[in-house]
Amino acid sequence: MIVLENPLLEDTIEDDNDSDNSVEEMEIAGALKSGKISEQGIKTISHVNNVAKLKERLEAIQKKLPWIESMDVTVDLKVPAEEMKSVINDNFKQEMLFYKQSQIGAQQSIARLKSLGISTQRPEDFFAEMVKSDEHMKRVKEKLISKQLTMERTEKVTKMRKMKKLGKKVQQEVLKKRAEDKKQMLENVKKIRKGKADQEEADNFEINTEPETSSGKKKEINRKRKAKDSKYGFGGKKKLAKKNTQDSYKDVSSFSSRVHSKPKRSAKNDKRKGGKPQRPGKIKRANMKNKAKSK
């Protein structure tokens, strides 16, 4: 008996040993009653291989039926002994052997069925009654269709969101590039105005102010337009254009006493000189009309 240092576990070990001993005693008692063993020891049991009786029993239980009733096939793969040693401890190789054995057995069975004139495939016009009703299958079909539509809708929405994000990203990049180009152009214009730009930058920054037609040729300005441009000016600064300067203030060459010293014209002066009299006002005309009616 094993002696443990822990006194608490000592009782449990002794109980287990007692239970094992009681089981052994019961087995020995049963063996003595059956006559398998004696009190002196184990009897010598002789094994009998009665081949004639075994064959007789086999013929009694064996039914001689045609192969189509049992369709049993035995396949011997004939695996070498060296390979079998590695197969014993490898589950994957065992499964592959079972698969090959089943495949060969199925091929042999199909060939044997064809030789007996038995078809192995279902005919094209075969009609099998459904286990479930048409209404049930209709509900299943509707559910499957709705599920498929939901999935397609979800994919479409997801795709649209991705495209929207991509479009926003592209738009932001385009706007950013435009802002950078505009900033660069303004900086170049400032440099050119101040005369700080290099010759290379000035050559690259060319502005064509002359209008061009769709064919690429420069549009010619007619004579009338040229005359008006020479008379009234074209472009330039408009604000404070008539404001005097120091030079214009001192310049009196355009002053003429004959032109600038004449009194203003009036209706009386025009009448004396034979000009057209001024038209009377509206109220005066109405009074004149009433007087003419009263007469």
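How many of the 10 residues of helix H8 (residues 223–232) are buried? The number is 1, so H8 lies largely in the open. Buried here means under 20% relative accessible area, exposed means over 50%, and partly exposed is anything in between, with a 1.4 Å probe and protein chains only. Just after H8, Gly-233 takes a positive phi of about 90 degrees.

A quick word on the ground rules. This is a predicted model, so local features need pLDDT of at least 70 and side-chain atom pairs count only at pLDDT 80 or more, while totals for chains, interfaces and linings use all residues. Residues are numbered from 1 along each chain as its sequence is written, and side-chain values use heavy atoms, with hydrogens and water left out.

**The whole chain**

The protein chain has 12 helices and 0 strands, and its pattern along the sequence reads α-α-α-α-α-α-α-α-α-α-α-α. Both kinds of element are DSSP runs numbered from the N terminus: helices are H or I with at least four residues, strands are E with at least two. Of the 295 residues in the protein chain, 4% are buried. Its accessible surface comes to about 30,200 Å², and carbon and sulfur atoms hold 54% of that; such areas come from the Shrake-Rupley method with a 1.4 Å probe, and for residues only the protein chains shown count as cover. Among contacts with a separation of 6 or more, 31% join residues 24 or more positions apart, where contact means heavy atoms within 4.5 Å.

**H4 against H5**

Two packed helices are described by the angle between their axes and the distance between the axes. For helix H4 (residues 81–88) and helix H5 (residues 91–115), the axes come within 7 Å and cross at roughly 120 degrees. H4 and H5 are therefore oblique to each other. On the H4 side the contact uses Ser-86, Val-87 and Ile-88, and on the H5 side Lys-93, Gln-94 and Leu-97. Sorted by class, that gives 3 nonpolar, 2 polar and 1 charged residues. The axes are lines fitted to C-alpha atoms, for helices over the stretch in contact, with angles running from 0 to 180 degrees between N-to-C directions. Angles under 35 degrees count as roughly parallel, over 145 as roughly antiparallel, 65 to 115 as roughly perpendicular, and the rest as oblique. As for the classes, Ala, Val, Leu, Ile, Met, Phe, Trp, Tyr, Cys and Pro count as nonpolar, Asp, Glu, Lys and Arg as charged, and the others, Gly among them, as polar.

**Along H5**

With 25 residues at 1.5 Å a residue, H5 should span 36 Å, and its end C-alpha atoms are 36 Å apart, which agrees. The expected span is 1.5 Å times one less than the number of residues. Buried in H5 are Leu-97, Gly-105, Ser-109 and Leu-113, and their cover includes helix H3 (67–70) and H4. Ser-109 has 17% relative accessibility and so counts as buried. Leaving aside neighbours within four places in sequence, Ser-109 is in contact with Trp-67 and Val-73. Lys-100, also found in helix H5, is partly exposed at 43%. Its C-alpha atom is separated by 9.7 Å from that of Val-75, 25 residues apart along the chain.

Most residues other than glycine have a negative phi, and most peptide bonds are trans.
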